[in-house]
Amino acid sequence: MSPSTVGIIGILIMLVIFVTRMPVAYVMTLVGLGGFSYLISLEAGLNLLPRVFFDTFSSYELTTIPLFVLMGQLAFNSGISRRLYNTAYTFLGNTRGGLAMATVSACTAFGAVCGSSPATAATMATVGIPEMKRFNYSSELAAGSVASGGGLGMIMPPSVVLIIYGILTEQSIGALFVSGIFPAIMLTALFILSIYVTCLLNPDKGPRGERFSFIQRIRSLAGLADTVFIFAFVTAGLFFGFFTPTESAAVGVLAILLVSLLRRQLSWKAFVKSLNETLQTSCMILFLVAGAVVFGKFLAVTRIPFDLAAWVGAFDLPPFLIISIIILIYFLGGCFMDSLGLIMLTIPIFFPIITNLGYDPLWFGIIIVLVTEMGVITPPVGINVYVVYGVAQNMMTGITLESVFKGIVPFLFAVIAGIIILMIFPQIVVFLPNLVY
């Protein structure tokens with residue numbers, strides 16, 4: 001068989017194994033090892049495996065992942081998320097759907113110190129869902145706003161997905177972080193608009209909450225102080241070159257730790273819990289990276305990425321149509337795969353095509369994050385949906401899985417609108433990094 005045929009068979013085998021719910025990291029590793037060994041030799045495959053895993057787990061660049069994950073865990077266990085939610089509720093609670101708007105806004109703010117979509121969704125579910133149910137919000141709007149808002153953690157810097165994309169494509173992680181700021185704010189505004197329209201059409205879904213005085217609103221801004229300080233400190237350091245992305249992650253962890261200790265809101269038990277959860281999450285991500293690298297080596301020897309790039313390039317199609325097809329592939333793939341796994345699997349295939357078409361790598365990174373954000377809330381995978389459903393079940397709110405999936409529909413349209421806007425106006429993504437770098 002030709003290498004390309006072996007590659008196609010390998011991809012099909014991988015997709016079949018995915019159906020068994022076997023972890024993506026293991027599937028990519030096994031299929032990549034088997035295919036590479038078949039095309040080269042078993043000895044070469046057995047030499048490749050330990051080298052890739054050693055290089056991945058000893059990579060200096062990848063130390064940003066456990067550090068940013070630890071930032072998010074410390075932020076949650078020290079109560080930062082609840083203070084963010086309370087501030088947003090003070091300003092937006094009196095509006096129809098205001099609690100859902102506050103949840104989405106708090107998700108964006110928490111994403112600035114977390115970087116993980118499921119972690120943001122789980123955190124805000126524990127805070128926001130009980131409040132929304134207390135004010136008689138519909139299950140669809142309550143759960144849908146949390147699950148969708150959690151996806152904002154994927155694009156708001158620091159973002160684990162952007163870190164992986166930067167490493168795979170050899171792009172500046174600092175520039176990727178900067179390029180995600182305006183799109184994250186834009187998407188937050190689109191989510192709030194979708195909530196407003198939903199409650200305008202169905203007022204019973206999001207009744208008005210409590211009204212706060214001007215003085216109370218001003219006082220509530222103190223709840224933003226921690227996040228603003230940490231985000232500004234970390235981002236300013238990246239802007240002005242005081243430290244690298246890896247160093248900025250360490251600085252962010254130290255800043256959150258100091259703030260938590262000064263407020264006396266981080267117990268020893270919560271600190272140990274943060275370390276344990278960080279260890280579990282980081283190992284999962286690093287295994288996923290290593291598995292993707294092994295599978296990428298297999299794809300490289302099959303020549304499929306290069307053949308596909310040449311095949312697409314041979315089409316006499318406008319570049320925007322080609323990029324639209326790629327975006328559709330990512331959307332469909334995101335319905336069946338974890339976002340990190342999908343990005344690490346497909347970037348070696350599509351990135352050469354994008355660069356050959358002349359698209360900005362930073363812009364493409366943000367577009368892909370937005371598309372895969374839809375994947376975390378769409379069936380059958382929809383990891384954020386299951387995270388929110390699990391949290392809701394633990395709190396015995398009576399929210400069903402069906403209601404969560406129904407609730408994300410307006411936000412899907414908002415993400416699609418955001419992708420279209422960024423395709424028409426790519427300056428939204430590239431303006432700030434071009435200015436800074």
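This is a predicted model: local features need pLDDT of at least 70, side-chain atom pairs count only at pLDDT 80 or more; totals for chains, interfaces and linings use all residues.
Let's turn next to a pair of helices. Two packed helices are described by the angle between their axes and the distance between the axes. For helix H4 (residues 64-77) and helix H14 (residues 245-263), the angle is about 20 degrees and the axes are 9 Å apart. Because angles under 35 degrees count as roughly parallel, H4 is roughly parallel to H14. The crossing of H4 past H14 is left-handed.

Which residues in H4 and H14 meet? From H4 come Thr64, Leu67, Phe68, Leu70, Met71, Leu74 and Ala75. They meet Pro245, Thr246, Ser248, Ala249, Ala250, Gly252, Val253, Ile256, Leu257 and Ser260 in H14. Sorted by class, this contact of H4 with H14 has twelve nonpolar, five polar and no charged residues.

Finally, have a look at Ile368, which sits in helix H19 (residues 361-375). Is Ile368 buried or exposed? Its relative accessibility is 1%, and buried means under 20%, so Ile368 counts as buried. Setting aside neighbours within four places in sequence, Ile368 is in contact with Tyr330 and Ile343. Leu357 lies eleven residues from Ile368 along the chain, and their C-alpha atoms are separated by 16 Å.

Technical notes
Residues are numbered from 1 along each chain as its sequence is written. Side-chain values use heavy atoms; hydrogens and water are left out. Axes are lines fitted to C-alpha atoms, for helices over the stretch in contact, and angles run from 0 to 180 degrees between N-to-C directions. Helices (H or I, at least four residues) and strands (E, at least two) are DSSP runs, numbered from the N terminus. Angles under 35 degrees count as roughly parallel, over 145 as roughly antiparallel, 65 to 115 as roughly perpendicular and the rest as oblique. A crossing is left-handed if the near helix is turned anticlockwise from the far one by less than a right angle, and right-handed if clockwise. Contact means heavy atoms within 4.5 Å. Ala, Val, Leu, Ile, Met, Phe, Trp, Tyr, Cys and Pro count as nonpolar, Asp, Glu, Lys and Arg as charged, and the others, Gly among them, as polar. Buried means under 20% relative accessible area, exposed over 50%, partly exposed in between (1.4 Å probe, protein chains only).
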